[in-house]
Amino acid sequence: MDDARTTYTAGKAARSRDVEQAEGRARTISTVRLVVAVGAVALVIARVWGPLGESAWAAVAVCVAGFIALVVAHARIFEGAERARAALRFHERGLARLDDEWRTFTNDGARFALEDHPYADDLDIFGPASLFQRIDATETRFGELRLEAWLSAASEPVDFNLVRERQTAVKDLAPRVLFRERLSAEGAVEDKPDPASFLAWAEGARPFESARAWKVVALALPVLFLAGACASELAHVSVWAWAAPLIASLLAGRVTAGHVAPIAGAVSSKQGAFARFGAMLATIEREPFESPMLRALQAKLRASGAEATREMARLERILSFLDARNNEAWRFFIGPALLWDLNCAIALEAWRTRAGMHARAWLEVIGEVEALASLAGLAFERPEHTFPEIAERPCFDAVALGHPLIDAKRRVDNDVTLRGPGAVLVITGSNMSGKSTLLRAIGVNAVLALAGGPVCAKRLVLGPVRLATSMRVRDSLSEGVSRFYAEVRKRSSSARARHAYRRRSSSSTRSSTARTHARG
């Protein structure tokens, strides 16, 4: 834990300096941008109502170009500051977990809590002061859902080869603090955006495929407008040289607004956070992993038929152009004249044609790595925890088993042994002596073990198990369910789960035997 504290403390100090430097640069560019905008307005006024000649328009053009460049530069610096702040939060959260202050974290996974789950409610897997709240380090919905699935799966048969692969991956990620920081910082946004609308767009129909003429219109009209404006001012041609293309652009923008708005709404604004996945993918692709599972995930990105990092970087650039319309002057004056939204929509459609079908697979890779990184954070911060040994026979044999959500200074550890099928452990003691805490410690550590994470014990040997509990029983006046009936119903559910597991195990054994005889 001392190594973790030293690492997080140093990281917090370094990222605090990065935030201060980025904010200083952003303030400087904001000031320069304001000066340039005022200068451009002053030049226009002096040209129209003052003594300046035709050459003033060249200076105005330079100011406009400089303003656009400063807008882009400010956006990039602002994004850099956001990433620095996200990296700072990564280290602050690490220190909070070490100080047992993680119960204040916003995301506790309460939306995953189900009273009728075989064990999640009894063991505090989700909700306030839960296992999910303690270990969650995901920044995307895919990562959050993958972690939730792993923590909820201990009531079903588990592939122990997969568990071993996850253990190896978690061990590989645990010391890679800089990688986990970058992954978190690149994906961090204020709220985890729902990928549904983005994926619906990426995998959906393509309205511009049957309207290729709009591509010509979107390119030609802005060029004609700019050329006409220059010709009107410098060569004294009719104002219609620029007015006609401008009117045509306004009409084209009005006609296509119904097609452009859904596209822009699916990927811009809050949904624009998905563009940051490109940086997350680049972080994953560059890391020299040693774990076979992590290398397989990297290979999945390269084998999709489109280059994930490059395509997501292109999407990020398109969205940065699209979000320029958030500037009021751009939205009402420059954008309509250049058919900005239409050109961005056409670029987005071209991206979707190339890469849209691969987007879901890329997000699934990010989610898998994030879930593994969450378990790796626990392993890094609690080096005294151990990875369980996986046995082929049903068993639970633990030395110095404790509850992973209780601070080590207050925790009482116990040796626990359940040697095989039919074994029963009877726990007795006075009120408030820790009986239910021990039962929850057994269950929570089993959940962590089957997810591929470390457990709070000096040693744990775990075989095939199917986890079910009956500890918290709630009656319901509205449903006419007494406490006694609620208890019967919950225990009946646990018994059905146990019998279903035995039938699957028996069926699996018979199938395995049949295949062996067939091969013989």
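**Exercise 1. Is the crossing of α5 and α15 right-handed or left-handed, and which residues meet there?**

*Solution.* The model is predicted: local features need pLDDT of at least 70, side-chain atom pairs count only at pLDDT 80 or more, and totals for chains, interfaces and linings use all residues. Residues are numbered from 1 along each chain as its sequence is written, and side-chain values use heavy atoms, with hydrogens and water left out.

Step 1. Identify the helices, which are DSSP runs of H or I with at least four residues, numbered from the N terminus. Helix α5 covers residues 160–173, and α15 covers 359–381.

Step 2. Consider the axes, which are lines fitted to C-alpha atoms over the stretch in contact, with angles from 0 to 180 degrees between N-to-C directions. The axes of α5 and α15 come within 8 Å and cross at roughly 65°. Therefore α5 is roughly perpendicular to α15, a term for angles of 65 to 115 degrees.

Step 3. Assign the hand: a crossing is left-handed if the near helix is turned anticlockwise from the far one by less than a right angle, and right-handed if clockwise. The crossing of α5 and α15 is right-handed.

Step 4. List the contact, meaning heavy atoms within 4.5 Å. From α5, Arg166, Ala169, Val170 and Leu173 meet Val369, Leu372, Ala373, Leu375, Ala376 and Ala379 of α15. This contact of α5 with α15 has nine nonpolar, no polar and one charged residues. Here Ala, Val, Leu, Ile, Met, Phe, Trp, Tyr, Cys and Pro count as nonpolar, Asp, Glu, Lys and Arg as charged, and the others, Gly among them, as polar.

**Exercise 2. Describe how α10 packs on α11 and on α15.**

*Solution.* Step 1. The axes of helix α10 (residues 277–286) and helix α11 (residues 292–302) come within 9 Å and cross at roughly 125°. The crossing of α10 and α11 is left-handed.

Step 1. Leu281, Ile284 and Glu285 of α10 meet Gln298, Leu301 and Arg302 of α11. By class, there are three nonpolar, one polar and two charged residues in this contact.

Step 2. The axes of α10 and α15 come within 10 Å, crossing at roughly 60°, and this crossing is left-handed.

Step 3. Phe277, Met280, Leu281 and Ile284 of α10 meet Trp362, Leu363, Ile366, Val369 and Glu370 of α15. Eight of these residues are nonpolar, none polar and one charged.

**Exercise 3. Which residues are the closest to the centre of the largest cavity, and which helix gives the largest share of its lining?**

*Solution.* Step 1. A cavity is a set of points, on a 1 Å grid over the protein atoms alone, where a 1.4 Å probe fits but cannot get out; lining residues have an atom within 4 Å of a point. Grid points are joined across faces, edges and corners, and a volume is the space filled by probe spheres set on the points.

Step 1. The largest cavity has a volume of about 100 Å³. Of its 14 lining residues, Phe90, Ala137, Arg180, Ala373 and Ser374 are the closest to its centre.

Step 2. The largest share of this lining, six residues, comes from α15.

Conventions. 1 Å grid on protein atoms, 1.4 Å probe; cavity = no way out; pocket = protein on both sides within 12 Å on 5 of 7 lines; lining within 4 Å. Helix = DSSP H or I, 4+ residues; strand = E, 2+ residues; numbered from the N terminus. Parallel < 35°, antiparallel > 145°, perpendicular 65-115°, else oblique.
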